[in-house]
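Subject: Handover of a two-chain model

Dear colleague,

Please find the structure below, followed by an account of what was found in it.

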Amino acid sequence: MTAVPVFDPVIHAPGRLQICAILSRIDEAEFAMIRDSIKVSDSVLSKHLKQLEEAGYLKPRKAAVDGRQRTWLSLTPAGRKAFAAHVAELTRLAGMA
Amino acid sequence: MTNQPDPREALDAIANARQAVPGEMKYPFSYDIAYGLCCGLLVAGQGMPTPWAALALVVSMVGLVGLIHWWKQKYGWWVSGYSPKRARWAAIGLVVVLIGLMGLSLWGKTAGIAWTPLATGAAGFVAAIVGGRIWMAVWKRELAETAG
């Protein structure tokens, strides 16, 4: 099913756009994997994640591995839907330019 | 890229970010072997006498959970076989084959054919390896083709 194009200002910021791009393809990813992929600091990534979480687009999950606490991230169904709609809108706008 | 990218820049950024998953990942063949052994044991177990069948089920399930854990630790991400739209059909196809083989194992057990678990287990082993690689190939193609 093709998403209805809707521009989403929460997703559109470069960092959050990249986070959603990665998470939209998989079930979940670890914090460090996302940080290394988009090349930002822990604090910058945390701010982006907090905004996505507040919008209801992201669900963090804490898991202890070998005595260390790790954060796993996944998009919520609302987040997946919003990202698909945003990509559809970007594609539409790019086609007009 | 500026703070608020134009649509083309944004689409490029999305494409670049997505290269991180699965990237140029080449997972070891030993993963296939371990996955095949778990699935083969799961299939063969259905044709074994009751205490061995239960043990085979537990060992294969623990093995599959262990493989998921290993993958997550190594690559930092996870995708279920049933999540991608197109590749999920490869996963469903594999499940159908494995269930069919389990049925054969059970039939062999009731018919009293002792070697059935060996044959179905071996077939399950091969099917899991081939099915797993087909799934990965379909998924990678799906990632390359779909932008949304």
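In this predicted model, 26 residues of chain A are in contact with 23 residues of chain B, where contact requires that two C-beta atoms, placed from the backbone, lie within 7 Å. Helix 2, strand 1 (28-30), helix 3 (31-38) and helix 5 (77-96) of chain A each give two or more residues to the side of chain A that touches chain B. Helix 5 of chain A supplies the largest share of that side, seven residues. By class, the residues on this side of chain A are 18 nonpolar, four polar and four charged; Ala, Val, Leu, Ile, Met, Phe, Trp, Tyr, Cys and Pro count as nonpolar, Asp, Glu, Lys and Arg as charged, and the others, Gly among them, as polar. Helices (H or I, at least four residues) and strands (E, at least two) are DSSP runs, numbered from the N terminus.

Within strand 1 of chain B, Trp78(B) is the bridge partner of Glu28(A).

Helix 2 (residues 14-23) of chain A is largely enclosed by the rest of the structure, because nine of its 10 residues are buried. These include Arg16(A), Gln18(A) and Cys20(A). A residue is buried if 20 or more other C-beta atoms lie within 10 Å of its own, with C-beta atoms placed from the backbone.

An unreviewed UniProt entry annotates residues 16-93 of chain A as "domain: Winged helix DNA-binding"; such annotations may be inferred rather than shown by experiment. Over this range chain A is 59% helix and 24% strand, and the end C-alpha atoms lie 19 Å apart.

Chain B has five helices and one strand, in the order α-α-α-β-α-α along the sequence. Its radius of gyration is 20 Å, well over the 15 Å that the globule rule gives for 148 residues, so chain B is more spread out than a compact globule. The radius is taken over C-alpha atoms, and the rule is 2.2 Å times the number of residues to the power 0.38. Along the principal axes, the C-alpha atoms of chain B fill a box of roughly 70 × 25 × 20 Å. Buried residues account for 28% of the 148 residues in chain B.

Residues are numbered from 1 along each chain as its sequence is written, and chains are lettered from A and ligands numbered from 1 in the order in which they are written. Local features need pLDDT of at least 70 and side-chain atom pairs count only at pLDDT 80 or more, whereas totals for chains, interfaces and linings use all residues.

Yours sincerely

Methods
Buried ≥ 20, exposed ≤ 12 C-beta atoms within 10 Å, placed from the backbone. Pairing = 2+ DSSP bridges.
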